[in-house]
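Welcome! Take a moment to turn the view around, and then read on.

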Amino acid sequence: MVSDQKPLGSWSVKQGQIITCPAVCNFQTREYIVVHDNKVLRIWNNEDVNLDKVFKATLSAEVYRILSVQGTEPLVLFKEGAVRGLEALLADPQQKIETVISDEEVIKWTKFFIVFRHPVLIFITEKHGNYFAYVQMFNSRILTKYTLLLGQDENSVIESFTASVDRKFISLMSLSSDGCIYETLIPIRPTDPEKNQTLVRSLLLKAVVSGNTRNGVALTALDQDHIAVLGSPQAASKECLSVWNIKFQTLQTSKELPQGTSGQLWYYGENLFMLHGKSLTVIPYKCEVSSLAGALGKLKHGQDPGTHVMPRFVNWETPQGCGLGFQNSEQSRRIEDSEKHIEVEVRKFLALKQTPDFHTVIGDTVTGLLERCKAEPSFYPRNCLMQLIQTHVLSYSLCPDLMEIALIKKDVQLLQLCLQQFPDIPESVTCACLKIFLSIGDDSLQETDVSMESVFDYSNSVHDEKMEEQTEILQNGFSPEEDKCSNCDQELNKKPQDETKESTSCPVVPKRAALLNAILHSAYSETFLLPHLKDIPAQHITLFLKYLYFLYLKCSENATMTLPGIHPPTLNQIMDWICLLLDANFTVVVMMPEAKRLLINLYKLVKSQISVYSELNKIEVSFRELQKLNQEKNNRGLYSIEVLELF
């Protein structure tokens with residue numbers, strides 16, 4: 001009895017005899033059936049004590065498995081592929097058993113279903129690395145053979161099989177030697193049952209166990225959307241039992257098995273059975289209805305007092321020394337953890353090799369920390385959050401509260417890291433970050449540790465008149481003498497020398513430049529970004545424009561039009577943001593006297609760009625004419641002299 005952990009009966013064969021087929025229950029007669037020495041069949045009940053005195057039948061062929069499900073009589077699958085009902089077989093145990101599979105073809109796995117109240121049997125065979133599926137429909141006596149193509153990895157070996165069934169298909173899932181789970185859909189009603197058909201498998205879950213593990217690997221279907229996997233997630237790690245949601249590609253729960261397993265796993269009556277060390281371990285597990293909320297661990301539900309499942313959550317209120325992990329709700333108790341303690345525990349967890357539940361634990365960890373941050377405003381484990389962001393597992397959509405709290409705290413270092421790591425930040429949040437980056441004081445920035453890899457050495461910037469001379473002499477290959485904006489030149493010449501130096505040096509300190517560069521690198525949609533840019537104060541817009549213009553001048557210093565540094569902004573990013581800021585705030589900025597000189601410089605910049613494109617259009621016409629001439633070469637001889645005049 002599983003609930004009482006007591007054996008109800010025990011039977012053994014004689015010395016020298018070997019049980020070659022697992023015992024099953026005949027649900028119609030409440031008897032047990034087993035096969036020993038491949039051909040000898042025994043049937044007994046709970047009142048029998050000695051197997052040697054129970055019913056015995058010697059068969060004419062070797063048995064692979066006896067299969068039994070509720071609602072129908074047991075089936076006997078022979079090693080040569082033939083199938084018999086138990087009653088018909090017992091009526092004539094020595095009847096001739098036909099050969100169904102070919103020579104050297106070996107049965108690897110089998111499963112018995114009831115579909116539309118009719119029995120359906122599937123078994124998988126292997127021959128020289130090739131795999132075949134046989135489906136037996138007992139209502140029509142049709143046996144269909146399929147060849148299973150492994151796809152790109154033809155050399156992989158299939159370690160374990162499982163299957164689930166619906167009204168149209170048998171979903172055959174296989175765990176291969178590469179550590180991945182594949183799916184093959186087998187139609188219940190074949191279009192041409194007499195023909196050997198071919199089926200291709202598709203990747204279902206990637207790297208759920210280590211590809212180097214060959215022992216202790218198994219999987220079993222729990223329902224149409226969930227599977228349980230037994231195996232080591234990493235080559236050097238201990239074996240784990242994991243439950244995956246194959247519909248949403250998420251890990252539902254995982255439990256480490258330090259004593260190892262034999263690679264055998266069963267699921268019956270909402271209970272998982274496996275051998276753990278020298279014991280039979282039974283784990284009650286009930287699958288929830290598959291939904292996105294449940295797959296992400298956000299489904300709130302009650303739990304019966306007698307039902308014990310493996311809950312999935314990270315307990316942040318465990319005593320010191322308990323560390324990270326999955327804890328039963330009965331064992332958890334509320335105590336207050338310090339930020340330092342949490343940081344130490346997170347560092348310990350991140351130092352371990354990644355396990356199948358790594359992504360899940362990271363998500364749960366951040367969620368738990370942020371909930372406590374909102375409940376206790378004084379609690380803010382920023383170092384811990386920084387470590388978790390750098391795992392490259394998180395995104396804005398998974399933890400939107402993270403940047404919201406960082407904005408409230410004006411934590412520019414964490415905001416910069418989020419901008420660098422998260423690809424899905426909304427435009428409103430990007431603009432909120434920009435507001436803080438432009439408004440925070442220089443003194444506060446000096447005390448902040450931000451990433452400076454996108455910023456080049458400003459000490460090499462030119463702070464005298466040389467850069468000014470360059471901007472006046474050469475603008476994308478055109479001299480300002482060709483510029484007809486004489487009024488603009490006059491306005492520029494009236495400015496004092498100090499303002500000239502200001503325009504040729506970086507208008508922001510290096511740390512602010514690093515933060516603004518993170519904004520330039522962020523993804524956005526112009527339609528959604530423009531309304532939020534209008535809410536930024538005009539003086540901050542002017543400062544940002546001055547910085548962008550400075551970056552443009554630095555790009556113009558070399559032929560490649562690029563900035564130095566590890567990950568600097570590109571020219572396209574600089575020009576796009578100049579256009580965005582002017583489109584959103586031009587009517588406000590144009591009224592500011594301190595922005596007049598900047599706007600004149602930007603005007604000249606745009607005018608020089610127009611001149612460049614104008615000349616390029618002229619050249620394009622000439623190239624078109626050359627292309628036409630080139631197309632006419634087929635009409636000429638092997639040798640000709642041509643004179644082309646370009647105007």
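## A parallel pair of strands

Let's begin with two strands: β11, which covers residues 142–149, pairs with β15 in the parallel sense, over 4 bridges. Look for Thr 147, whose bridge partner in β15 is Thr 198. Please keep in mind that you are looking at a predicted model.

These two strands belong to an open sheet of 5 strands with mixed pairing, in the order β8-β9-β10-β11-β15. The edges of the sheet are β8 (106–115) and β15 (197–200), and each of them pairs on one side only. From one strand to the next, the twist averages 25°.

## The chain as a whole

Stepping back, the protein chain has 17 helices and 23 strands. It has 647 residues, of which 46% count as buried. Among contacts with a separation of 6 or more, 53% are between residues 24 or more positions apart.

## A covered strand and its neighbours

Now find strand β18, residues 226–231, where 6 of the 6 residues are buried. Both of its faces are covered. On one side sit His 226, Ala 228 and Leu 230, and on the other Ile 227, Val 229 and Gly 231.

Which strands pair with β18? One is β17 (residues 218–221), in the antiparallel sense over 4 bridges. β17 and β18 form a hairpin, with 4 residues between them. Another is β19 (residues 239–245), also antiparallel, over 6 bridges. Ile 227 is a handy landmark here: it stands opposite Ala 221 and also opposite Trp 244 in β19.

## A buried serine

Is Ser 174 buried or exposed? This residue lies in strand β13, which covers residues 169–176. Its relative accessibility is 4%, so Ser 174 counts as buried, the cut-off being under 20%. Leaving aside residues up to four places away in sequence, Ser 174 touches Ile 158, Ser 160, Phe 161, Cys 180, Ile 181, Tyr 182 and Arg 201.

## Helices packing against α16

Next, follow the chain to helix α15 (residues 538–555) and helix α16 (residues 571–589), whose axes come within 10 Å and cross at roughly 150°. Angles over 145 degrees count as roughly antiparallel, and α15 and α16 are therefore roughly antiparallel to each other. The crossing of α15 past α16 is left-handed. Residues of α15 that take part in the contact include Phe 544, Leu 548 and Tyr 552, while those of α16 include Ile 574, Trp 577 and Leu 581. By class, this contact has 17 nonpolar and 2 polar residues, with no charged ones.

Helix α14 (residues 526–533) packs on α16 as well, at an angle of about 55° and with the axes 9 Å apart. That angle makes α14 oblique to α16. Here the crossing is right-handed. Glu 526, Leu 529, Leu 530 and Leu 533 of α14 meet Trp 577, Leu 580, Leu 581, Asp 583, Ala 584 and Asn 585 of α16. Sorted by class, the contact of α14 with α16 has 7 nonpolar, 1 polar and 2 charged residues.

Definitions and conventions: Residues numbered from 1 in each chain as written. Predicted model: local features only at pLDDT ≥ 70, side-chain atom pairs only at ≥ 80, totals over all residues. Heavy atoms only, no water. Axes fitted to C-alpha atoms, helices over the stretch in contact; angles between N-to-C directions. Parallel < 35°, antiparallel > 145°, perpendicular 65-115°, else oblique. Left-handed = near helix turned anticlockwise from the far one by under 90°. Contact = heavy atoms within 4.5 Å. Nonpolar A, V, L, I, M, F, W, Y, C, P; charged D, E, K, R; others polar. Pairing = 2+ DSSP bridges. Buried < 20%, exposed > 50% of the residue type's maximum accessible area, 1.4 Å probe, protein only.
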